[in-house]
Amino acid sequence: MEAFAVNLLNGCSWGMLLFLIAVGLTTVFGVLGVLNFAHGSFFMLGAYGSMQIMHLFNSFWLGLLVGPALIALLGMALEMGLLRRVYGRDVSYQLLLTFALLLVLDDAVRIIWGPAYHVVEAPPLLAGSFAFFTHSYPVYRLFLVAAGPLLGLCLWAFFRFTHWGKIIRAAAMDRDMAEGVGIRVPLLFTLVFGLGTWLAAVGGALAAPHQSVGPSMGERVIIESFIVVVVGGLGSFPGAFVGALILGLIESFGTVFAGRAQMALPYILLAVVLLLRPRGLFGREA
Amino acid sequence: MSARGFSGSVIATLVLLALLLLGPCILPIYWTMIVTEIFIMGLFSMSFNLLFGFSGLLSFGQAGFFGIGAYTAALLIQTGFPSLWLIIFCSVLVAALFALAIGYLCVRRDEIFFAMLTLGFGMMLFTIAHNWRELTGGSDGMPLCSVPPVRLPGIEWSLFPPVHVYYFTLFWTAAGVFILWRVVRSPFGLMLTAVRENKQRLAFVGADVSRIRLAAFVIAGGLAGLAGVLFCVFNRMATPDFMHWAFSARPVLMTILGGSGVFFGPAWGAAIFFCLEQLVTAFTENWMIVLGLILIPVVIFFPQGIVGTLVQWLGDRKESRS
Amino acid sequence: MTPRPILEINRLGHQFGDFVVMRDISLAVQAGTMTALIGPNGAGKTTFYNLVSGRYQPTQGSIFFDGLDITRMPAHRRVALGLLRSFQITNIFPHLTVLENVLVPLALEHHKGFRFWKSMSRERDLKRQAEEILERVGLASEAHRRAHELAYGDQRLVEIAIVLARNPKLVLLDEPTAGMNPEETERMVHLIQELAQQSGTTFFLTEHDMNVVFSVASYLYVLHQGSLLAQGTPNEIRGNRQVKEAYLGGSLDS
């Protein structure tokens, strides 16, 4: 029973991080029509960037605030400088370009911070653990379980009630229409790409105290967020939520019940969804 | 686009083949080995281009099948399988079977899903190779002490000297390229081009587009497996790195460098790639960032690749002269 | 005794989400005839063709082709039965040659799509048949040009040639003369009539040019706002007040 609760919490905390990252991926895809292979690299940059700022100013919160914002600026610069040039072209070139970005960013991280793993301490407020029956459970994970849905709720409110949120939703449904009603689409694209990058980077900054920071952390995340969006349905907001939660839970319970075979579980989930519901759980019929 | 440069290049191919046969007599041993590697990567890239250039499918997971070929060969050699022919046959078959199963899942949706899923399933194979220590040796890989010799009636040809490996690789690369050449010129090859050109029209003249794509995926996977076997023999080992996405990036980069619209473009891209690598690794170990930085402007400014742009430029000049 | 209809549609309906785009359509197309489906812009003609050809699955009703229920059949299998379509926006293989454009469906027609080894250039039979088809549509002289280099009207003829290569029983033509100049239109109309007489292929076409409709079709269906408004011979439709009103209203709206 306790083990069950612990696994549930673990699954939820990782699932919530995945949700943030997958929402960024799916929003960028919905509006720009570009699947960003470098999304996991932005996650990793978020972790490294905020870690750097934490070390400089010795404040977790400042790192969480400034780090992802800087990465979002980098994302917007890359969108304006590079991605914008291939929108009109065959979809392969967009995929190739973001894939090239992935190679560059991943290696850049290795050059700047080296191949070693770094440990980031949770802030004093969230440090330590509390007694949970006979287990002790880190406070920080509990924070993640709460922060995820909270951020998700903020995002939902943003999309639902704010002017820009509504524009983004409209543009995701019909790009030509957005242009027709006088929205400056290039600006919109840049902002949305910035938002997507920011979400990935926030995920990274939040994940830093949760797992160690290392040069292959983007790798796991991009593949898992791909699995989330395929399972949930690419472009679907609730799909990203449910997909992320399922994947997080499968992974945390998998370590207990499936032993080493748990590595294969996400892929089995992916295969089953592709066979039974190729459009994903929340995917719209074409 | 793809048909251009075919028939005229037959003679050029034969001349090139003659040069390649003489290669080890001219080249120092170090370059003989580099050219061997170019053969292997050239075949790998050309098999990738059956998907990308001919049917418009961008796969980021071809290293998975390359690695399956390499690991199957390594396992069979380790268990003491005596016949190299049989080892190659089995490894290619296993790679093709994996391609069949994974491809069946990947071709169900559009090109974006295909790219995403091939990357995902490719990394699944990497994860398996990396973690199943008992079978694959984990991250250390599987080193091979010896490779069985090539046996023909009356001859035993050891694969110890690099020059022998060179000819062995040349033979199998040529065989693989010949298969590809036949396939793209066949009625099936026409179907593939039609998929790239207009898959909707093709579906509405009665073709099962997913099945055509799956068939191409299996052929490409099998040939990637063949390249993997050759690489395993060349390196005398199989490691999980062969299956990582950074390795899948290689045929992608080579094809883009060379040009996807020209049949031998990816092979030329492989040659460019290795020459660059010789230059770059003298200065830095972080070679992927250099490639990424080269790839970005190529994608933006020369989408037909270096050789592709050159071929088109020559074609335009010829046209304007006549 | 009336002949068996080649296409029979029973109470067909379709909706996207909550939005009903097509309701309760029943009609029949007799073999060997030239039937037309007309209606103001946005009446749902193209949606109807998408349902019949298998691009969408209808949410209600059934479709019978040649006595066979094809309501849930994937598009490519309908083609194998002899149900072909053209598209409103020219839909060909732009970078293949005109000859190759016809060779693609011909190879499929002869079940050669999955031949991996034999060279295409040795398929002399296919090539001869492709040339014959190009002869019929008047494109023989353009065989070796790339399709996208052709004049607009000729590109539309390429699409007709592609369709003919599958030896169709029924062809759905979606606005075959859309965007054509009068000369090209006349050529297309002439071609369609000739094909219908020669090969016994049934044609079911939509068209916005009423002159074309009344000169080729022997029976008409009128679609309006997703449902069937009227049917009859050209003369009956010409005199139908409801149809006139629908067209007037439609043209005022749009």
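The following dialogue explains how to read several features of this predicted model.

Visitor: What kind of model is this, and how are residues and chains labelled?

Guide: This is a predicted model, in which local features need pLDDT of at least 70 and side-chain atom pairs count only at pLDDT 80 or more, while totals for chains, interfaces and linings use all residues. Residues are numbered from 1 along each chain as its sequence is written, chains are lettered from A and ligands numbered from 1 in the order in which they are written, and side-chain values use heavy atoms, with hydrogens and water left out.

Visitor: How many helices and strands does chain A have?

Guide: Helices (H or I, at least four residues) and strands (E, at least two) are DSSP runs, numbered from the N terminus. Chain A has 11 helices and 2 strands, in the sequence pattern α-α-α-α-β-β-α-α-α-α-α-α-α. Chain C, by contrast, has 9 helices and 10 strands.

Visitor: What does the radius of gyration say about chain C and chain A?

Guide: The radius is taken over C-alpha atoms, and the globule rule is 2.2 Å times the number of residues to the power 0.38. For the 254 residues of chain C the rule gives 18 Å and the model has 19 Å, so chain C is as compact as a globular protein of that length. Chain A, with 286 residues, has a radius of 19 Å, which agrees with the value near 19 Å for a compact globule. The C-alpha trace spans about 60 × 50 × 35 Å along the principal axes in chain A, and about 60 × 40 × 40 Å in chain C.

Visitor: Which percentage of the residues in each of these two chains is buried?

Guide: Buried means under 20% relative accessible area, exposed over 50%, and partly exposed in between (1.4 Å probe, protein chains only). Buried residues make up 57% of chain A and 52% of chain C. One buried residue is C:N50, with a relative accessible area of 4%. C:N50 belongs to helix α1 (residues 45-53) of chain C, and its C-alpha atom is 9.3 Å from that of C:R85, 35 residues apart along the chain.

Visitor: Where does UniProt place transmembrane regions in chain A?

Guide: UniProt positions are given in the numbering used here, feature names are shortened, and annotations may be inferred rather than shown by experiment. For chain A, the unreviewed UniProt entry lists "transmembrane region" at several spans, including residues 12-39 and 139-159. In the model, residues 12-39 are 79% helix and 0% strand, with end C-alpha atoms 21 Å apart. Residues 139-159 are 100% helix and 0% strand, with end C-alpha atoms 30 Å apart. For chain B, the unreviewed UniProt entry gives this annotation to spans that include residues 83-105 and 165-184. Residues 83-105 of chain B are 96% helix and 0% strand, with 34 Å between the end C-alpha atoms.

Visitor: In which order do the strands of the open sheet in chain C stand?

Guide: Two strands pair if DSSP finds at least two bridges between them. The open sheet has 4 strands in the order β2-β1-β4-β5 of chain C, with antiparallel pairing. Strands β2 (19-30) and β5 (68-69) of chain C stand at the edges with a single partner each, so one side of each is left without a neighbour in the sheet. Within the sheet, 5 bridges join β1 (residues 5-16) to β4 (residues 60-65) of chain C, and the bridge partner of C:L7 in β4 is C:F65.

Visitor: Which distant parts of the chain does the pair C:K45 and C:E175 link?

Guide: C:K45 and C:E175 form a salt bridge, with their closest N and O atoms 3.8 Å apart. C:K45 is in helix α1 of chain C and C:E175 in the loop between β7 (170-174) and α6 (182-199) of chain C, 130 residues apart. Both C:K45 and C:E175 are buried.

Methods
A salt bridge is a side-chain nitrogen of Lys or Arg within 4 Å of a carboxyl oxygen of Asp or Glu.
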